[in-house]
Amino acid sequence: MTEHVWGGSFYGTHLFPMSLITCGMFQIECMQLTARPDKGSSVTVSVGRPSDQCTVCTVSGVNDTQTSCQSILTLEPEKEVKLLFNCSHPVEKSYLVTISQSIECTKDTCSPSTIETQPSLLNEFSRTFIWTIKAPEKTVVGLDVLGEGLRKTSQPCSDGYQYSVAAFEGGSKADTLYCKAGSVTHLDLLDQAVVSLQVKPKTQVESVVFQASAGPLKGRTVVVTVDSSTTLSISKFSQESECELCSGVDSARTCSQSGKTLTDVQSLALDFSCLKPQEVYSVEVEKAIECTKDSCTPTAGETDPNLWKDFKRTLKWDISVPERTILTLELPSDSLKQVSAEDKCQEGPQYSVSTTRNDGQIKTNIYCRGGPMSKLDLIGRTSLTVDVPQGEEMDRTIFTARARPRAGRMLSVTPDPETIIILSRDTVEPDCSVCLGVPPDQKCDPKSLILRESRNTSVDFTCPQPEEVFKVEINREIDCTATSCSGDIVQAESSLFPDFNRTFTWDLKVSSTRAFQLDFPEPGMKQISNGDTCPDEHTYVLVTYLRTGPANIGTFCKGGSVTSVQVRYKGRVSLQVPGNRKMDAVDYKLSVGPETSMVAIVKVKLPRGVSDTTFIAANYPNDFPDNQQMQWDFAVPGMHNYSVHFHDHMAPECLSKDVEVEYRKQDKKIRAGLTDKQPEHQQGNFGMVLKNCETNRTLQGLTLKFSVSTMRSGHPVLCTVDLSKQQKVSLKIEKVGADPYCEMKVNSQLSNKINVAAGSQAQLSFLDCPNEDVRLTASEVIECQSAAPCSETLLTVPTLDSCLRMPLHSFTWHLTIPQDRTIDLVSPSGSLQQSVPGQECKDPVSLHVEESEGFSVGDFCSNGIIQKVQVHANISITATTRDFSKTKGPFLNVTFSKEIPETIIYQVSPHTSTPTMLATPNWPKGMRPSSTVSWIVSLPSQYQAGVQFVNVSQPKCNDRHTAIKVKMLDSEEELLSRREDEKMDDKLLVPRSFYLNMSNCIPEDGNFGAVTKIVLEQKNNLLAILLGIAGALLLLLIISAVICFFVKKKKKDRMNKEASIYMGRGNIFRPGERQFSKARSDNESHVYASIDDTMVYGHLLGDTSYADSMQEHFKGMQLDSYHTFTGPSELPVINEPEPEPEVDHFNTFLDPSESFLPPRPRTPIDRQDSLGFQDRRMVDNELYTFRNTGEMNTFRLSGADMEPEPPPLEEFL
């Protein structure tokens, strides 16, 4: 205790009921209170923290300047005291207040009778109210709970009120927790019981909580009636209690603390001197049932469901049964399941059934609720015990008992074809036989039964549980020829005798010089000692039959390193399965093996890592067969060392030859004796052959048990990767196998994934990592900067460091471009093929092109129909092939061109012989939102294309629409235009080269994609045929006109008179002369100043429509010079269409002049064949003669301009 005298007026006489202040210059919380405990209560204030942090002080003296501080302070009742609380922590959470009060009771009253609290006393702190009961012996104190009652709980109360009752009875203490608001309104307590109420700070407490009363302890009385066939035993299981059990009245009243055994009593009152006798005593009710061969008395096992309900009860029925009688217990309400003797029922009653056989052996089975069994068939005297926990609800009728003559158990069996079933006795049970047939011809055998026929057969047992007496063998013979076997070694699970112990056997046979071979699936088989049982209770035994007798090759379990066994000539495979266990056989593969002189050849695949696998020779621990050999072939993992250890061996006395062990490795053979040093720390696969001699059979023969251990060789493969000279190339190595022993390190750090950045160096290490367990990939970044033109690039795989022994799995080029550029991809072989449904790539080299956002452009290989792929996005190209060492490229030719409006453009030249399949990018997942793709399809001349949309997936659009459009290259007219909400045409016929364009919307649901099929068809050239016919007819008309012209001209010449003609610049000739002085080439006799239309075209002038159709300059004056004939205005003229003006809106198609496309193809007509041209050599007369015989010289008749024919582009050749 520390005394403090405080100076100054800070702690003056002004005390308040409660005030919180800060003391002095230190940040210490202080609280001043005035407290006055009531009479009969004890108040203790304790500090919940160390005394150097918090104290509670009493304040006294003049002007309250003297304090006395302690860590625990007890206040006197009815005395007011001033308290000062000093603490460096929050005051409310640092102090505990305990208010204790005693309830003094006599045998009939208590003081105080009203249990009150002091609600305002120190209510700033956590408070615990404690009431201790003091009462005379055998007096019970009752507390009536005032207010809303209490409820039992095992958890803290959330409202801040926590009640606790500690009852002391018989020296034991039982604590019960309660919260407010429940159904408990009364508590019965004995002497020294303690009731407490704990409340949190500032919690309002009711002023009155209990009403107390006292009375004599009466205990509990139970009235029972027990008939003469029933025995009631009440026994005490808790020795700490002082509770007594009394019965009778006056002088006949007897009491006992240990218990009582009652039988044949009527309405007997049993008085317990304690309030809760169920916590002290247990009850056992034993009844007897007598059965004849066909009935039982009583017929049911019954109990009073309400009597002794809150006690631990044991209900027992002893049922006597005559010999060869079956007792059936039917459970009307409970279905049972059998559990092991060590198990206990987690909830509900536990049933124990004990049967006594004729030989006196007792068998007990334990059952719990929740199983399939609603009745039990039993033999012999039976005892049924039901252990019922406290408070468990039970029906009045537990079971019904029926008796019948012991007819045994009958099973209907249908053996599989070529299968033999053998039932044989497994235990010495004299009173059970297996019978075949029906009376009176029924044949019974107490030892065995063999079924050979594949037909429905009734098997009758004279006992109800024959599975405990007999075992079953199911045998099948398989005879193998020189190359194959007649059946599988494993058949489907047999439903025969599922609750019996079964042994499935297969007898195998091949020719005497060959072996049959058993191949085991993963994870193989494990050899165990002969006679042992496998953990899964499926035990396999392999036996071979020699001339000297059977030899046990080994006993095996699932899951081991043995992958195959070859056995010479004849053998047996057996599988042992216990009763009530589902057959789960290994799926062996049976085949005919090679010729061999070995008894058996065992093939073993040793595991990776550290292992030690044990093997035994045939017949171990018995003698190995004389003059026989057995071989083990071991497959040792790479980079592992193996060692052979002989653990248990016995050398025989040899009469001829010697015992030796021969090791075979590749072409080498090493012989050793049993006591010689065996191979250690070797590598590689090897074989081991054990050879026996002819032994003295009167002595111990050859035995051998050995093991083969493996461990990693511990020599890592080191590799220094230097990418300093390849600034754009990076590597990634990752584990892809499941081998846990593969270790990869980068710069001495263990890692499952190694990344070597571009331009860096790394020290790599690989330990026990086969090539198939690691994957090497590499990538290169190719950038096109916007400031400078980008050069053409060939995609080739650079040479990687030779120390990387694993093959390259794939190589990826990451191509990045600015916004105004496009990536052009062309195959060095000339063309690409896209892998699409129906036209998959078969080339060993595959190229996967993908946009940077993860959307696929397509998978490609060489030699296809695609001439060029243009992508307006950053892409990655991944090349994969079987062997990059043989194929390093170039894989693609990459160029960079100007920006295109589409996202992707494919230039396609379909084959005429096979259909062409086109798929949208990222098929079948769907195109990227708001993306556009075009195919420029170039058709050969005289071919047209059938376009069929075989698979179209349309989304629900959130913004814009999807579009599928088709138009020809030389026309702006759209042959097809469909949105997602419009019906799609099945097929479209396009006469010449065309665009196919598809654009995506911003989907709300679903994806947009399509697969298009293009089939080329040859055109029927009907126009050319018609023009040929028309030309031939025109030629006939011209010939006819020429003939008519000559005939008419002769007639006119005869009619004309001879006359003189004056030619000012010509020669004078005499009339009548028929010749010129100049040759035709020198004179101008063939030049006309005018032509008489009447004479030449007179036969045409009658047609006024022809005259009206002539142009004006044909109707003018006659000129004195020759004028070229220009023809009528209706002559056909080839006019090129004017290009449409550009408009400011989104256009899916490109103008040919703005893209890489060639202009529209010209009609292949020569100038001399066109109606718009005429040969200058031809004279415009009725004969249409020629002026000379020189080269053809054409001139235009039409006034329209004609553009020169452009040369064809390479991509359209």
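Q: Hi! Before we get to the sheets, what counts as two strands pairing here?
A: Two strands pair if DSSP finds at least two bridges between them. The strands themselves are DSSP runs of E with at least two residues, numbered from the N terminus, while helices are runs of H or I with at least four residues.

Q: Great. And what sort of model is this?
A: This is a predicted model, where local features need pLDDT of at least 70, side-chain atom pairs count only at pLDDT 80 or more, and totals for chains, interfaces and linings use all residues. Residues are numbered from 1 along each chain as its sequence is written, and side-chain values use heavy atoms, with hydrogens and water left out.

Q: OK, what order do the strands take in that open sheet of four?
A: The order is β20-β25-β22-β23, and the pairing is antiparallel. At the edges sit β20 (220-226) and β23 (254-256), each of which pairs on one side only.

Q: What does the twist average from one strand to the next?
A: The twist averages 25°. For that kind of angle, axes are lines fitted to C-alpha atoms (for helices over the stretch in contact), and angles run from 0 to 180 degrees between N-to-C directions.

Q: How many bridges join β22 to β23?
A: Three bridges, with β22 and β23 running antiparallel. As for residues, S247 has T254 in β23 as its bridge partner.

Q: Switching to cysteines: how many disulfides does the structure hold?
A: There are 17 disulfides, where a disulfide is a pair of cysteine sulfur atoms within 2.5 Å.

Q: Let's take C243 and C274. How far apart are their sulfur atoms?
A: The sulfur atoms of C243 and C274 are 2.0 Å apart in their disulfide. The torsion about this S-S bond is about -70°, so the disulfide is left-handed.

Q: Where do C243 and C274 lie, then?
A: C243 lies in the loop between β21 (230-236) and β22 (245-247), and C274 in the loop between β25 (265-272) and β26 (281-291), so the pair ties together parts that are 31 residues apart in sequence.

Q: And are C243 and C274 buried or exposed?
A: C243 and C274 are buried. Buried means under 20% relative accessible area, exposed means over 50%, and partly exposed is in between, using a 1.4 Å probe and protein chains only.

Q: What about the link of C291 and C296, is that left-handed or right-handed?
A: The link of C291 and C296 is right-handed, with 105° about the S-S bond. Its S to S distance is 2.0 Å, and C291 and C296 are buried.

Q: How far apart are the sulfur atoms of C105 and C110?
A: They are 2.1 Å apart in the disulfide of C105 and C110. The torsion there is about 105°, so this disulfide is right-handed. Both C105 and C110 are buried.

Q: New topic: which strand is T710 found in?
A: T710 is found in strand β61 (residues 703-712). Its relative accessibility is 2%, so T710 counts as buried.

Q: Which side chain makes a polar contact with the side chain of T710?
A: The side chain of S611 does, at 2.5 Å. A polar contact is a pair of N or O atoms within 3.5 Å; within protein, one must be able to donate a hydrogen and the other to accept it, and residues adjacent in sequence count only if both atoms are side-chain atoms. The backbone oxygen of G609 also lies 3.3 Å from a polar atom of the T710 side chain.
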